[in-house]
Amino acid sequence: MERMLQAMEVFARIVECENFTRASNLLGIPKASASLLIQQLELHLQVKLLHRTTRQVRPTAAGMTFYEHCLKILLDITDLKSKIGSAAEQASGRLRVELPGDIARQLMPDIALFRLQYPDVSLQISTPRHSSNLIRDGIDCAVRLGEPEDSYHFSRQVGTYHLITVASRVYVSRHGCPDTVQSLSAHCTAHASHQGDGRPWEFSFALDGRSTRHPLPESIAFDDMDLLLQYGLQNGGVIQVWDAVAMPYIASGRLKEVLAHCRPRAKPIHAVYACRTRESMALRVFVDWLSSALESCQTPCSLPRYEDERRTKLDATCPPA
């Protein structure tokens, strides 16, 4: 039975990676062992499960059916193991995590608290310019905006991403405050851009209960949301940014929200992870923590008070020198 479960795990990873070598590396077993397990599995079932080419491995029709059943069995086993004996204190191991830059920077004080709470969990955090393939690139967990697309991945909503339209108070005092979406065309604007292809994001709004995009002249665009925020703070013009990063500057008076009556609809923030890591207690406590940290990030407050509160929590957990 144990040999069959191992073969099912290997087969599922090969289907997801579309490659024997990558699957073997992720599982930490020799490629020859993976090949042997698949040969024995096909012999036992008396059916061909995989189409093999020099570049790619694809499941046959029978293989796809078997994969779906494997996935259900493997997930049932990991859920059962979790219910029987896991505790948060047992969380350990390495997690490779991918975060958007603005979310990563906003979470930084909380990440320090997570490390103190779970010292046996080793985090490797990246803020890539392009979205990674979780399985191919060995990413345990990635934070994505919007609805997840890949059916081979599992996800959990951990927060919401509200864009708001803001400008510096100095800019507003010089150029006036736009009071309609149409009046934005008379203002200087700066855009975020897609990191993959550099296309600027159009400004979005909720008008008459519907989400709409409003094209504006694209004189300057940034593929880093922090740079976009800094440009707005330097009186560059009207921008749209995550409310969590803008709120402290609104509270301090440096930024002013405009067009608040037509704020765009919120996007869900999802933690996306490959099924090979679903059994990880380290992943479970990280996603729980992420949900809590994002909720606290979106509590409106001034910048000094917000940082002081989290610094106080951090100091309270550190032993005196």
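Buried residues have under 20% relative accessible area, exposed residues have over 50%, and partly exposed residues lie in between (1.4 Å probe, protein chains only). The legends below describe a predicted model, in which local features need pLDDT of at least 70, side-chain atom pairs count only at pLDDT 80 or more, and totals for chains, interfaces and linings use all residues. Residues are numbered from 1 along each chain as its sequence is written, and side-chain values use heavy atoms, with hydrogens and water left out.

**View 1. A salt bridge joins Asp288 and Arg156.** A salt bridge is a side-chain nitrogen of Lys or Arg within 4 Å of a carboxyl oxygen of Asp or Glu. In this pair the closest N and O atoms are 2.6 Å apart. Because Asp288 belongs to helix H10 (residues 281–297) and Arg156 to strand E6 (residues 153–161), the pair ties together parts that are 132 residues apart in sequence. Helices (H or I, at least four residues) and strands (E, at least two) are DSSP runs, numbered from the N terminus. Arg156 is partly exposed, at 32% relative accessible area, and Asp288 is partly exposed at 42%.

**View 2. Asp226 and Arg105 meet through their side chains in a salt bridge.** The N to O distance is 2.8 Å. The pair links distant parts of the chain, with Asp226 in helix H8 (residues 225–233) and Arg105 in helix H5 (residues 101–117), 121 residues apart. Arg105 counts as partly exposed, at 43% relative accessibility.

**View 3. Glu42 forms a salt bridge with Arg52.** The closest N and O atoms of this pair are 3.5 Å apart. Glu42 lies in helix H3 (residues 31–45) and Arg52 in strand E1 (residues 50–52), 10 residues apart. Glu42 counts as buried at 14% relative accessibility, whereas Arg52 is partly exposed at 39%. A search of the whole structure finds nine salt bridges.

**View 4. His214 is a buried residue of strand E10.** The strand covers residues 210–214, and the relative accessible area of His214 is 18%. The side chain of His214 reaches the backbone oxygen of Val181 at 3.4 Å. Contact means heavy atoms within 4.5 Å. Leaving aside neighbours within four places in sequence, His214 is in contact with Val181, Gln182, Glu202, Phe203 and Phe205.

**View 5. Helix H9 is largely enclosed by the rest of the structure, because seven of its 10 residues are buried.** The helix covers residues 243–252. Its buried residues are Asp243, Ala244, Val245, Ala246, Met247, Pro248 and Tyr249. Just after H9, Gly253 takes a positive phi of about 95 degrees.

**View 6. The largest nonpolar core has 48 residues.** A nonpolar core is a set of buried Ala, Val, Leu, Ile, Met, Phe, Trp, Tyr and Cys residues joined through side-chain atoms within 4.5 Å. Leu107, Val241, Phe286 and Leu290 touch the most other members of this core. Helix H10 supplies the largest share, 11 residues. Not counting residues up to four places away in sequence, Val241 touches His162, Leu163, Ile164, Val166, Met225, Leu228, Leu229 and Ala246. A second, separate core of 26 residues includes Val10, Ile29, Leu37 and Cys70.

Terms used: A polar contact is a pair of N or O atoms within 3.5 Å; within protein, one must be able to donate a hydrogen and the other to accept it, and residues adjacent in sequence count only if both atoms are side-chain atoms.
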